[in-house]
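Here is a briefing on one protein model. Read it alongside the sequence and the coordinates.

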Amino acid sequence: MKKAENYTTLTFPSRSSNEGFARAAAACFAAQLDPTLDELNDVKTAVSEAVTNAIVHAYPDCLGKISMRLSLGEDHSLEIVVRDWGVGIPDVAQARQPLYTTGSEERSGMGFTIMESFMDLLRVRSQPGKGTTVTMRKRISRRAGVQ
């Protein structure tokens, strides 16, 4: 991403009720780029997956802290960084495989695949016992007549 023109950071506990808050906050922040409804839905879906992963997998037995940093770039892009300080992922490549999950049988194991399909870039860094950082980026198309 080129230099950030605007940014914000939110920090919240890993309660499932905060997933909807994170989705709404990301959508409101992204609205500055005048995205289409499809682009906005892509962002909301990806944020939902990233935050849900942190809630369910990073802190399976306790409440923890999640932070979400949103940045708007000069290149008309949105960058979203979701970070937790939870259990971490021992094998990121394995975790990114479709249908792989460490959760219960009702978990689909498609979180990273969904994030990757809705965003232009997905980067996952993790260290067991220290947490995970998910970075996602999406360029928002410029509409005709809109600066």
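Rings of Phe, Tyr and Trp (its six-membered ring) pair if their centres lie within 6.5 Å. By this rule the count comes to 1 aromatic pair. That pair is Phe 12 with Phe 21. The model is predicted.

**Aromatic rings**
- A pair of aromatic rings is described by the distance of the centres and the angle of the planes.
- For Phe 12 and Phe 21, the centres are 6.2 Å apart and the planes make an angle of 90°.
- Planes over 60 degrees apart count as edge-to-face, so Phe 12 and Phe 21 form an edge-to-face pair.
- Phe 12 is buried, at 5% relative accessible area.
- Phe 21 is partly exposed, at 41%.
- Lys 65 sits over the face of Trp 85, 4.5 Å from the ring centre.

**Helix H1**
- H1 covers residues 18–30, which makes 13 residues.
- From first C-alpha to last, H1 reaches 18 Å, close to the 18 Å expected at 1.5 Å a residue.
- Its buried residues are Asn 18, Glu 19, Ala 22, Ala 25, Ala 26, Ala 27, Phe 29 and Ala 30.
- An α-helix has 3.6 residues a turn, so residues three or four places apart point the same way.
- Which elements cover the buried residues of H1? The cover includes strands E1 (4–13), E2 (65–73) and E3 (77–84), along with helix H2 (37–58).

**Ser 48 in helix H2**
- Ser 48 lies in H2.
- Its relative accessibility is 12%; buried means under 20%, so Ser 48 counts as buried.
- Leaving out residues up to four places away in sequence, Ser 48 touches Glu 19 and Arg 23.

**Val 92 in helix H3**
- Val 92 belongs to H3, residues 92–95.
- Is Val 92 buried or exposed? At 19% relative accessibility, Val 92 counts as buried, because the cut-off is under 20%.
- Val 92 touches Val 124 and Ser 126, with residues up to four places away in sequence not counted.
- Val 92 and Ser 126 are 34 residues apart in sequence, yet 7.1 Å apart in space, C-alpha to C-alpha.

**Cysteines**
- A disulfide is a covalent bond between the sulfur atoms of two cysteines.
- How many disulfides does the structure hold? The number is 0.
- Cys 28 is exposed, at 58% relative accessible area.
- Cys 62 is partly exposed, at 49%.

Terms used
Residues numbered from 1 in each chain as written. Predicted model: local features only at pLDDT ≥ 70, side-chain atom pairs only at ≥ 80, totals over all residues. Heavy atoms only, no water. Helix = DSSP H or I, 4+ residues; strand = E, 2+ residues; numbered from the N terminus. Expected span 1.5 Å × (residues − 1). Buried < 20%, exposed > 50% of the residue type's maximum accessible area, 1.4 Å probe, protein only. Contact = heavy atoms within 4.5 Å. Disulfide = S-S within 2.5 Å. Phe/Tyr/Trp six-rings, centres within 6.5 Å; stacked < 30°, edge-to-face > 60°. Lys NZ or Arg CZ within 6 Å of the ring centre and 35° of its normal.
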